[in-house]
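Here is a short report on one protein model. Please look over the chain first, then read on.

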Amino acid sequence: AGKGAAFSGLSIVIGFAGFIISPSSLLKNIGVALVISSISSVIVAVFLTYTIISIIPVNKLGFPRKEVPKSEDVRESYLEKVASLSINKRNLVIVGMIVLFVFSIGFSMVHSTNGNINEIIPSYASSLKAENQLSNFYNYSIDYIVLKGNPNSSYSHILNLTKTLINRGDIVYGPASIGKYIVNKSTSLTNHFYRDGYTLMVVYIPYPVFSKGAINETNQLISTGALVGGSNAQRIVIIDNSEYVYFHFTLLFTIIGIILYLFILLGSLSIPLRLVLTIGISSIFGVALMYAVFGSVYWITPLVVFALLFGLGIDYDLFIILRLIETNEPNWNNRIIFSIKKTGLVVTAAGLILSGAFFSLMVSDLRFLQEIGFAVGISVLFDTFVVRPILVPAILSVLKENNWWPNLRHRT
């Protein structure tokens, strides 16, 4: 148990370590917090918990029960039956999961994220109420366009851009306009919007800040090649950069780190590759169901779901594999069933505790915490009661000795 706790704890640390070397400061700060908390948990589990248990009399461990609960109960019989059925129907199980995986990806891709302020501010907050009332009086957000060069020499370009913005409903203050009034020729007005080789245009977009309409129009401005500042532009940079860095760098590094760690630990590439795939199925299922329930979700929510599942979901599988290695049963399928049966209580108990902790976030007044709590909770439950006891035995049974490929530890 101590070895399993240490190995699984280290796997969690590695799962979160990818955040620390991320080029994104936001993700780096998240990673530092996750790694420190993970290391602290491993130290407590390996040393403090063992010490406390060792000094408590055995007959008191089950308090208020008079006896310590038995390690075998009806749940083991259930897990044994489920694993046996999964192995007998292994091809059907694997095909069904592939279909579910593809459907979940497709469903998630047709939904979008948002950066709405009401996702991260409680519904009772005075600032949110003021923001809602403000939109009734002044339903605009501001973008700042900065163009390189003297406005007198590039006036025709500025004039055309100004007309385009005004025609789509914007209010523009700059060298070629005052509000909606267009100045067709260069005047002394240009001096008020020119400094140090750059020209400024202040654009009032007829959508609230961070709204879908405001973000779309700001993206159009950015696509022209101009330098664009303001709250909408900052939001786009933060979100796009964080999402790009996580899914193209941090998540990739996390997956590679997990594969290398388990390859060194087990001498197998098949097991970590299969582990990454099954965690991915649990994660995308939770995200798809979250979209089905909440519709558009806050931009960081899917990122958090994947991060937590790839960080915390490794140890559940590791318990099964370590028991599989320790079992001397010559029949491969019987070894799988026995391993699921003997580790299933620990895995299901841990899954229930973890999912319960995340489901508790749903009572929060912050919508994005409700989204995270629901998605992670559902993903953990799906991983605990479907993926580990049903899908994993089916894959292990199909691969047989190929589970240990390239078998550097000469396992059978």
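## A ring to start with

Does F306 count as buried or exposed? F306 counts as buried, at 13% relative accessibility. Here buried means under 20% relative accessible area, exposed means over 50%, and partly exposed lies in between, with a 1.4 Å probe and protein chains only.

## Model and confidence

This is a predicted model: local features need pLDDT of at least 70, side-chain atom pairs count only at pLDDT 80 or more, and totals for chains, interfaces and linings use all residues. Residues are numbered from 1 along each chain as its sequence is written, and side-chain values use heavy atoms, with hydrogens and water left out.

The chain averages a pLDDT of 87, where pLDDT is the predictor's confidence in each residue, from 0 to 100. At least 70 is the score of 94% of the residues. Among the elements of the chain, helix 4 (residues 90-109) has the highest mean pLDDT, 96. Helix 1 (residues 2-17) has the lowest, 74. Where pLDDT is low, the predicted coordinates should not be read in detail. Helices (H or I, at least four residues) and strands (E, at least two) are DSSP runs, numbered from the N terminus.

## Aromatic pairs

The whole structure holds ten aromatic pairs. Rings of Phe, Tyr and Trp (its six-membered ring) pair if their centres lie within 6.5 Å; planes under 30 degrees apart count as stacked, over 60 as edge-to-face and the rest as tilted. F247 and F306 make an edge-to-face pair, 5.8 Å centre to centre with 85° between the planes. This pair links distant parts of the chain: F247 sits in helix 8 (residues 231-266) and F306 in helix 10 (residues 300-312), 59 residues apart. F247 is partly exposed at 35% relative accessibility, whereas F306 is buried at 13%.

F285 and F382 have ring centres 4.1 Å apart and planes at 20°, so their pair is stacked. F285 lies in helix 9 (residues 270-294) and F382 in helix 13, so this pair ties together parts 97 residues apart in sequence. F382 is buried, at 9% relative accessibility. One aromatic cluster is formed by F19, Y246, F247 and F306.

## Nonpolar cores

A nonpolar core is a set of buried Ala, Val, Leu, Ile, Met, Phe, Trp, Tyr and Cys residues joined through side-chain atoms within 4.5 Å. The largest has 76 residues. Y246 and V376 have the most contacts inside it. Helix 13 (residues 367-399) gives the largest share of this core, 14 residues. Apart from it lies another core of 20 residues, including I145, V172, A226 and V228.

Which residues does Y246 touch, leaving aside its neighbours within four places in sequence? Y246 is in contact (heavy atoms within 4.5 Å) with F19, L27, L251, L252, L303, F306 and A307.

## Helix 6

Helix 6 (residues 155-167) has 13 residues. From first C-alpha to last, helix 6 reaches 18 Å, close to the 18 Å expected at 1.5 Å a residue. That expected span is 1.5 Å times one less than the number of residues. Buried in helix 6 are Y155, I158, L159, L161, T162, L165 and I166. They cover an arc of only 165° around the axis, which puts them on the same side of helix 6. The arc is that of the directions from the helix axis to the C-beta atoms.

The face turned away from the buried side carries the exposed residues S156 and N167. What covers the buried residues of helix 6 includes strand 2 (141-148), strand 3 (171-174), strand 7 (198-205) and helix 7 (212-223). Just after helix 6, G169 takes a positive phi of about 110°.

## Backbone points to check

D196 is not a glycine, yet has a positive phi of about 50°. D196 is in the loop between strand 6 (194-195) and strand 7, and counts as exposed at 70% relative accessibility. K400, also not a glycine, has a positive phi of about 50°. K400 lies in the segment after helix 13 and is partly exposed, with a relative accessible area of 39%.

P406 is also placed in the segment after helix 13. The peptide bond from W405 to P406 is cis, with omega near 0°.
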